[in-house]
Amino acid sequence: MPTITVASRGKPSSLAKALPMTMQLGPDETVADIKRNIQLHFPRMAFDRQRLTNESKKALDDTTKASSLGDTTVYLKDLGPQISWRTVFLIEYLGPLFIHPLLYHCPQIYTYFTNKTFVHSDMQKLVYTLVMLHYAKREFESAFVHRFSHATMPAFNIFKNSAHYWLLSGVMLAGSLYGPWYSAAAVKGSIRNNPTYLYVLTAIWAFAELSNLKVHYTLRNLRPAGTRTRGIPQGYGFNLGLTCPNYFFEIIAWTVVCAMTLDWAAVVFTVVGAAQMIVWAFKKHNNYRKEFGSRYPKRNVIFPYLL
C-alpha cells in the first residue's frame, strides 16, 4: 500500500495548518480518496477547493490511482471558496430574464428620460419574446441538460462571468431595444415593420435555437453522469464538419436579432459573444485533437468551410 504524505508547498492554508500529514491508501484508491481523507481531517477544507500537485507542480487528476504514485509527497493548494458551474450558469442568465422585462414593461423609464410616450412596435414585441425564450432555454439547459467536466469554479469569478449577461445583454441590449426610437410610430413604413421580414427571421431564429438545443443533448449524452469522460461527437450539426456547431447555431440566432432590430447594441453583443465563442471553440477543437489524435475527424472549428 502506498504511503502518501500531504504537505503545503508554501504557507499552509489557514484551513489546514496541521500539515504535513501522512496516510496509507489501498491499491484501488485514487487521488479523490486522498482529498476525502484531507477533508476528513480538516472539515473546512472542502473537496472542491483542493488542488493536489506532484513534485513537478503538475496537477493530479482525481481518477489517478494512488498505487501509480508510489510512496511520495503531494502538495495541497487551497483554491478558496468555490461555487458550482451549474449555479454560475443559472445566475448569469437570471440577469437578462430580470432586466429585459423590467425595461420592456416599464416604458415610463424611457419617458422619464426622453419626455416621450410611445407604443411598442411589433418588432419590439417580437424581439422581447425571442430574447426571453432564449434565456428561458438557457436556464432549462443549465438545470437539466449540461454536464460539466469541472464541478466548481472560484466563487469570486461569478461577478466576472455574470457581467457579460447582466451588463451587455441586460442593461445595454435591453436599454437600447425597448425605447421610443423603435416604437410603432418610429419604425412605421420601414423594413422593421414588415411582417414577412419579421416572420422569416423568426423562423430562422427558431431553427437555430432548436438546432443548438439538439447539439447540446448530443454533447450531454457523450458524457456519462458523474464522469469527465467523453466520446467524439457525431450526428446533427457535427455532420456539417464542425467541432462546435452549438456555437455556430448560437451566432445565427443572435445575428437574426441584429437583422430584425438593426440595433447597434445587438451588434455589439453579438460580436463580443461570437469572439468569445471562437476562442472557446478553438480550445475545444485542440483538446479533442489532443485527446483523440488521428481518430478525430478533420473538421472546421465553428463556421462551415471558413473557420
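Which residues lie nearest the centre of the second largest pocket? They are Ser-8, Arg-9, Leu-76, Lys-77 and Asp-78, out of a lining of 14 residues. The model is predicted: local features need pLDDT of at least 70, side-chain atom pairs count only at pLDDT 80 or more, and totals for chains, interfaces and linings use all residues. Residues are numbered from 1 along each chain as its sequence is written, and side-chain values use heavy atoms, without hydrogens and water.

A pocket here is an open set of points on a 1 Å grid over the protein atoms alone, where a 1.4 Å probe fits, with protein on both sides within 12 Å along at least five of seven lines; lining residues have an atom within 4 Å of a point. The pocket has a volume (space filled by probe spheres set on the points) of about 200 Å³. In its lining, β4 supplies the largest share, 4 residues.

Buried means under 20% relative accessible area and exposed over 50% (1.4 Å probe, protein chains only); contact means heavy atoms within 4.5 Å.

| Residue | Relative accessible area | Contacts beyond four places in sequence |
|---|---|---|
| Ser-13 | 16%, buried | Met-45 and Asp-78 |
| Lys-58 | 58%, exposed | Leu-52 and Thr-53 |

Ser-13 lies in the loop between β1 (3-8) and β2 (21-24). Its side chain makes a polar contact (N or O atoms within 3.5 Å, one able to donate a hydrogen and the other to accept it) with the side chain of Asp-78, at 3.0 Å. Asp-78 is also among the residues nearest the pocket centre.

Note on methods. Helices (H or I, at least four residues) and strands (E, at least two) are DSSP runs, numbered from the N terminus.
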